[in-house]
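Let's work through some charged side-chain pairs together. Take a look at the sequence and the structure before you start.

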Amino acid sequence: GGSVSSVALAATRLDLSKKAINYEELLVQLQLQGNANLAKIKFLDLSGNKLCGLPPEISLMPDLQELLVQDNWLKDLPLSMRTLSRLRACQLKGNRLETLTCLDLPKLREWTDRGEREEDRLTVLESLKLVRVGHNRLRQLPERWNDLAGLSMIVANDNDITMLPDKLFHSTTLQGLVLSNNKLSKVPDNITTCANLRTLVLSYNGISHLPDNFCRIRTMERVHVDNNRLASVPSGWMFMVKLRHVDVHNNQLSLETIRGSDFPRLAPHMATFVIKPGNCYGTGPFKESMRGLSPRSMVHIDKGDEEDEAEEKAAKAKG
């Protein structure tokens, strides 16, 4: 019984990773499998090869649920990927993608018997939940990803993305957005319409301002906006009742701004809380008596306080 199950499992998985194969060699491999076998594939791993593209034959895998093509040379994706209605995870990290045209899906028009157009709706890639496209050359995210009915996580770190489409935050299913190491200068005001957003990672960008209504995202659990150009932060952080992780260090926040914000009251409720005033390089813990912050919070302070503490320790050592 076990051997039969193993054979069945093997029949649904095709691992061609780290074989140094190129486009033509992949085409041969897929042809050798035969259409009947390709139709059974649920997991396809093509990672660590020399692929500049994917053949249209990928559409011959209607049951495909997970596609791994990271660390290749992909420049674009075939339009045939649109037909993969059961695809749940698409991992494309470490390629040379500049656009995701194939995933920027126009709504399909459906017509009634009378020739009248019914409401537009997206009928492909409806199972897609996870997209990983980090370490590529993307300048923007697809306009219509909010139409993907199941999309819950987008990881697009280390690209050249300069702005986010407003439509993206119309999504009712998006829970995580990772966009660290890009070229963003602002966050769209309508981010608060993203009803189920839990994780937002915008580290290492050029963001100088967060929307005034940012703290209306009641579902948020983790916010990373460190290493940006923030000189102020919006009020209302205490109303983000599920928030447990905050990182705002290496911005242009002054001590006065920090003390006048919600952060001193917020920190005791956090699992992790990282903060550091701009242009300061200290790494010592905040003194709870001075700052009103929990000692278990991970907090960075200004250089002056750290030097004071070092002097105190040195004086005690001498005594």
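Predicted model: local features only at pLDDT ≥ 70, side-chain atom pairs only at ≥ 80, totals over all residues.

**Exercise 1.** Find how many salt bridges the whole structure holds, then examine the pair Lys93 and Asp71.

*Solution.* Start with the total: a search of the whole structure gives 5 salt bridges. Lys93 and Asp71 form a salt bridge, with N to O at 3.7 Å; the cut-off is 4 Å, so the pair counts.

**Exercise 2.** Work out where Arg139 and Glu98 lie in the chain, and how exposed each is.

*Solution.* First, the contact: the side chains of Arg139 and Glu98 meet in a salt bridge of 3.7 Å, N to O. Arg139 belongs to the loop between β5 and β6 (153-155) and Glu98 to the loop between β4 and β5, so this pair links distant parts of the chain, 41 residues apart. For exposure, Arg139 has 52% relative accessibility; exposed means over 50%, so Arg139 counts as exposed. Glu98, at 37%, is partly exposed.

**Exercise 3.** Locate the partners Lys183 and Asp160.

*Solution.* The closest N and O atoms of Lys183 and Asp160 are 3.6 Å apart, in a salt bridge. Lys183 lies in the loop between β7 (176-178) and β8 (199-201), while Asp160 lies in the loop between β6 and β7, 23 residues apart. Asp160 is partly exposed, at 28% relative accessible area.

Key:
Residues numbered from 1 in each chain as written. Heavy atoms only, no water. Helix = DSSP H or I, 4+ residues; strand = E, 2+ residues; numbered from the N terminus. Buried < 20%, exposed > 50% of the residue type's maximum accessible area, 1.4 Å probe, protein only.
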